[in-house]
Amino acid sequence: MADRFPGGWLRQLPGWLERRWWRVLAVGLALGLLAALGQAPLNMWPATLLGFAGAYALLAAAPRPRKAALTGWAFGLGYFTLSLVWIVQPFLVDVERHGWMAPFALFLMAGGMALFWGGAFALAHWLSPDGCRGWLGFVVALGAAEALRGRIFTGFPWGGPGLAWIDAPISQWAALVGAFGLSVLTAGWAAGLWVAFVRRSLAGAGVLAITAVLALGGGAWLERQPVPERAEPVRLRLVQPNASQQQKWDPAWVGVFFDRALALSAAEAEVPPDLVIWPETSVPTLLGANPEVQAQVAAAAAPARVITGIRRLEGRRGYNSLVLFGPDGAAEQVYDKHHIVPFGEYMPLGDLLDRFGIHGLAAREGYGYSAGPGAALMELPGGLGRALPLICYEAIFPRDLRAAPGRADWILQLTNDAWFGTFSGPQQHLVQARFRAIEFGLPLARAANTGVSAVIDARGGLLATLPLGQDGKLDVDLPGALPATLYARFGDAPLGLVLALAGLGLIAMRMRKRR
């Protein structure tokens, strides 16, 4: 692999890395930390590009697939440690009981996610051992790893490299290729930057410059295109009670937060809202257990309807639900969260263990949530149209939105990001929601318990927000929708097919060389 580098320190890089394994680990870790600076709230996308370019340089210098795997794992460990640092926050809600687990949870999550990238780097090295097609192998392998990471064991696509582009015009191309496609583009540009630098190729630099200008210019043009207005104006009121997770279910505070939400719902406005939206699990009772509480919620928002998050029981199973209340507080429509969080909302294999008498982990014993039947649409009265409901974590899975039985008029997300602290977790969750709006060409309304509540237009723009750690209400007109995007119609399938064909081509070329 060393022969691809011109003289000087570049020629010595493979040997320098080969002599000490810890050098690969340290440099890869540092580059991963650099690349993660592109994630919210820092949003430094040039750092992401430079970090991936450096990681590709290490891959190109790796003498064997094993060293390439270590390089990729170290790079992923640094990247995911910083981008997923919020994962420690749930363990700090009750520090005395769970605080000791926080560093282990972060390392295990970051190290586990990094395994995908370690495998990708090893595959890229195997596909292009002589380096002449290294950039393509890198793109194919990293794309495959990201696709797998977003699906295996229910998937966890949080922190994808493409999310770093949210505030750049390039983000608009997600309407064609999704956030996943932008991750693939990031890998391609990063590898191309390094190849153009090492080979001092004017042609390569020219191709990179042209593609960057097209991506930026085309994205800027798309960003400036007007979003259609709704035929019938709809005024939304998002309620943010700001209940910290430590106090949310404290008997001394439950009534305080509930009364605050009632007051925010009943507050006067020049333009009365048509729909009041409360966050995830914001009603402090089970659905149907206390009709008086439900009637209070409906009365506070009257004459507008109310959608709120509430827990419910059906037999021995519990559900994390979103409910539309009628004028009398009766539940008119119910949506149950179907993509629930492993270890957070349910324990994997809990029902199986219940058969052996291990009841504490089983969802139907009341110690976790059960999954709802799947993606759905809510037909809302009063000209509110069809809403695609999402509860918290479901907003990070574009494939779940595509599974809905038809096209919605807008997307509705209820969430409680108080679990994730006040630094990166809630901000990154908001970025995910903005990308869903771009990918599907639909406006999105987001009610978050502690923030960030927001109304997002169909191009991912933030029309109005309530910041973290602040109680309040947000009265905003729901923006219009765009025609169904290419991504809404086909999802990741077209890009996945291209990557698969490119991978098969690389495999065929490698097999031919071995004969």
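User: Buried means under 20% relative accessible area, exposed means over 50%, and partly exposed lies in between, with a 1.4 Å probe and protein chains only. Which of these is Arg151?

Analyst: Arg151 counts as partly exposed, because its relative accessibility is 40%. This is a predicted model, in which local features need pLDDT of at least 70 and side-chain atom pairs count only at pLDDT 80 or more, while totals for chains, interfaces and linings use all residues. Residues are numbered from 1 along each chain as its sequence is written, and side-chain values use heavy atoms, leaving out hydrogens and water.

User: Where is Arg151 found?

Analyst: In the loop that runs between α8 (134-149) and α9 (174-199). Helices (H or I, at least four residues) and strands (E, at least two) are DSSP runs, numbered from the N terminus.

User: What is Arg151 in contact with, leaving aside neighbours within four places?

Analyst: Arg399 and Asp492. Contact means heavy atoms within 4.5 Å.

User: OK, Asp492. Buried or exposed?

Analyst: Asp492 is buried, because its relative accessible area is 18%. Asp492 sits in the loop between α16 (486-490) and α17.

User: And which residues is Asp492 in contact with?

Analyst: With neighbours within four places in sequence left out, they are Arg151, Val177, Phe180 and Tyr487.

User: Change of topic. How many helices and strands are in the chain?

Analyst: 17 helices and 12 strands. The chain has a radius of gyration of 24 Å, close to the 24 Å from the globule rule for 515 residues, so it is as compact as a globular protein of that length. That radius is taken over C-alpha atoms, and the rule is 2.2 Å times the number of residues to the power 0.38.

User: How much of the chain counts as buried?

Analyst: 53% of its 515 residues.

User: What about contacts between residues at least 6 apart in sequence?

Analyst: Of those, 70% join residues at least 24 apart.

User: Last one. Where is Leu497 found, and why does it count as exposed?

Analyst: Leu497 is in helix α17 (residues 493-514). It counts as exposed because its relative accessibility is 53%.
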